[in-house]
Amino acid sequence: MSKTDAVVIGAGPNGLVAANLLADAGWTVVLLEANDAIGGAVRSSREVDAAFVHDTFSSFYPLATVSPTIKALRLEEYGLEWSDAPSPVGNPLRGGGWGLVHPEPTDTAAALDQLSPGDGQAWLDLYSDWRRVGPAITDALLNPFPPVRAGAELLRHLLGPRGLERLRLLIGPVRTVGDRRFTGEAAKLLLATNSQHADIAPTAPGSGFMGWLLVMIAQQYGYPVPRGGAGRLSQALADRFTSRGGTVVCDARVDQIIIRDGRAVGARTADGTEYRASRAVLADVSAPALYGHLIPREDLPVRVLQRLRFFKWDPGTIKVDWALDTPIPWRDAPALAAGTVHIADSVDDLRRWSKQLSADWIPDRPFLLMGQMTTADPSRSPAGTESAWAYTHVPQRTRGDAGGKLTGTWDEREAELMAERIEARIEEYAPGFTDRIAARRILGPRELERRNANLVGGAVNGGTSGLRQELFLRPMPGLGRSETAIKSLYLASASAHPGGGVHGACGSNAARAALLHAG
């Protein structure tokens with residue numbers, strides 16, 4: 001049995017951030033990871049093809065560029081290098097051409113104006129407003145709830161000139177926001193498809209904010225990737241942590257949090273090893289795993305178990321990685337190659353897909369989020385090739401398949417059929433795509449969860465991002481902060497505010513709470 005100031009459970013990005021901040025404060029910290037390597041959903045490998053680097057889960061990190069937590073860690077001093085594609089994000093258009101974010105806002109505006117006169121100026125107006133209120137927005141979003149200082153600054157903007165327009169943008173559906181601001185499909189699609197990085201329907205309140213946030217970050221900062229693979233970000237975090245005396249233990253699956261007199265005092269792994277913590281235990285695990293499995297039932301208030309029943313997961317995911325022997329043969333070559341590509345025929349098509357998904361039907365024409373990784377980072381594969389991926393969402397519980405072939409069991413056969421559906425969708429915009437495939441890996445919902453226990457049923461955001469489970473309602477009413485129902489135990493995962501995305505805020509918030517309560 002070993003004893004330290006703190007035990008952190010889970011070496012994903014939030015657990016690594018939390019461990020770093022505690023170590024910075026002079027605490028002795030042990031970080032326990034169930035898998036054989038650190039990283040959580042930020043990992044990469046050469047599993048698909050020995051000559052290609054593929055990210056196993058996440059790839060692009062726009063929120064890291066605006067995260068004060070990530071920036072303050074100075075990970076560049078630990079080997080992290082960022083790389084950018086010529087264009088951060090774009091949409092091939094059904095009728096030809098692209099909706100594309102260029103590095104310069106004026107170039108983005110000029111391209112949109114060519115497609116639909118007037119949309120260029122509307123884009124610049126949106127971006128100008130972002131430059132004024134963006135810092136207050138991100139500060140409020142990435143700090144513990146309620147964000148008193150940042151909230152006051154944001155309120156000042158909402159009560160000032162153009163306050164009503166900003167409020168509509170923050171709470172309105174992305175479809176309404178797009179229709180108010182733009183006339184052409186390209187600009188509307190850039191907003192709408194970026195909003196779908198969270199599981200908020202394009203007709204639902206809050207989706208406008210998500211689309212605006214991500215596409216404006218893309219315009220100002222890009223959608224960067226770690227040079228050499230996503231795992232380089234995790235390794236930099238781990239190296240920084242160990243350089244400050246921290247200890248990482250892999251193959252250490254925690255099966256119980258040790259509680260004495262209502263206080264968390266350590267963790268026990270599956271092999272019976274106990275790690276004692278004199279000050280705090282921080283858990284980078286999902287809320288259902290923490291409250292439903294790791295905390296002994298007799299130590300939980302009844303009200304917590306009752307509220308846990310209303311926790312809702314975000315949809316499942318199926319991801320396909322490809323080693324391509326050429327770049328993707330887009331039917332219409334974009335002016336600049338985009339690192340992130342979204343495939344939807346129109347905003348109406350996106351609404352149809354979202355409606356099927358929310359009704360627990362497997363969509364027949366899936367919306368795709370794609371990554372052209374060699375385009376973003378030439379070190380990912382040999383010259384003239386492309387390391388690529390695409391994913392789409394599927395229901396957690398399936399009522400039917402709009403395509404008529406799948407049942408939602410997601411065994412190997414069903415995962416293959418869905419991969420073919422994804423590839424057929426790409427072929428519509430890039431004829432001959434499948435002829436370029438040299439190797440392929442399919443990660444269905446079951447396989448994603450097997451590789452990372454936090455990705456339950458392929459959920460990638462730690463729980464729905466819908467308003468029913470955000471802010472003070474995340475992960476459940478009455479527990480909207482990292483503090484839990486157990487003293488000295490803190491939730492440090494994406495199940496806590498502010499939710500999914502690699503920004504480190506969930507881990508940072510938990511570490512700050514632990515430091516505050518420890519005196």
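Predicted model: local features only at pLDDT ≥ 70, side-chain atom pairs only at ≥ 80, totals over all residues.
**The largest nonpolar core**

Begin with W123, L191, W212, L213 and M216, the residues that have the most contacts inside the largest nonpolar core, a set of 48 residues. To see where this core comes from, colour α2 (62-66), α5, α8 (174-181), α9, α10, α14 (347-358), α15 (373-376) and β17 (386-394), each of which gives two or more residues to the core. Helix α10 supplies the largest share, nine residues. In soluble globular proteins, nonpolar side chains tend to be buried together.

Next, centre the view on L213. Leaving aside residues up to four places away in sequence, L213 touches L63, W130, I137, T138 and L141.

**The crossing of α9 and α10**

Now display helix α9 (residues 185-195) together with helix α10 (residues 207-221). Their axes come within 7 Å and cross at roughly 105°. An angle of 65 to 115 degrees counts as roughly perpendicular, and α9 and α10 are therefore roughly perpendicular to each other. On the α9 side, select L190, L191, N194 and S195; on the α10 side, select S207, M210, G211, W212, L214 and V215; together these residues make the contact. By residue class, the contact of α9 with α10 comprises six nonpolar and four polar residues, with no charged ones.

The structure holds 10 aromatic pairs. For one of them, select W389 and Y391: this pair is stacked, with 5.7 Å centre to centre and 10° between the planes. Are W389 and Y391 buried or exposed? Both residues are buried.

Move to the loop between α5 (119-141) and α6 (148-159), where N143 is found. Why does N143 count as buried? Its relative accessibility is 15%, and buried means under 20%. Show H497, N509 and R512 as well; N143 touches these residues, not counting those up to four places away in sequence. For a distance across the model, pick the C-alpha atoms of N143 and L448: the two residues are 305 residues apart in sequence and 29 Å apart in space.

**Backbone features**

From N143, step to H497, one of the residues that N143 touches. A cis peptide bond joins H497 and P498, with omega at about 5°. P498 is placed in the loop between β20 (489-491) and α18 (505-517).

Most residues other than glycine have a negative phi, and most peptide bonds are trans. Two further selections concern phi. S488, in the loop between α17 (445-451) and β20, is not a glycine, yet has a positive phi of about 65°. With 13% relative accessibility, S488 counts as buried. Finish at R74, in the loop between α3 (68-72) and β5 (82-83). R74 is likewise not a glycine, and has a positive phi of about 50°.

Notes
Residues numbered from 1 in each chain as written. Heavy atoms only, no water. Helix = DSSP H or I, 4+ residues; strand = E, 2+ residues; numbered from the N terminus. Buried < 20%, exposed > 50% of the residue type's maximum accessible area, 1.4 Å probe, protein only. Contact = heavy atoms within 4.5 Å. Phe/Tyr/Trp six-rings, centres within 6.5 Å; stacked < 30°, edge-to-face > 60°. Axes fitted to C-alpha atoms, helices over the stretch in contact; angles between N-to-C directions. Parallel < 35°, antiparallel > 145°, perpendicular 65-115°, else oblique. Nonpolar A, V, L, I, M, F, W, Y, C, P; charged D, E, K, R; others polar. Core = buried A, V, L, I, M, F, W, Y, C linked by side-chain atoms within 4.5 Å.
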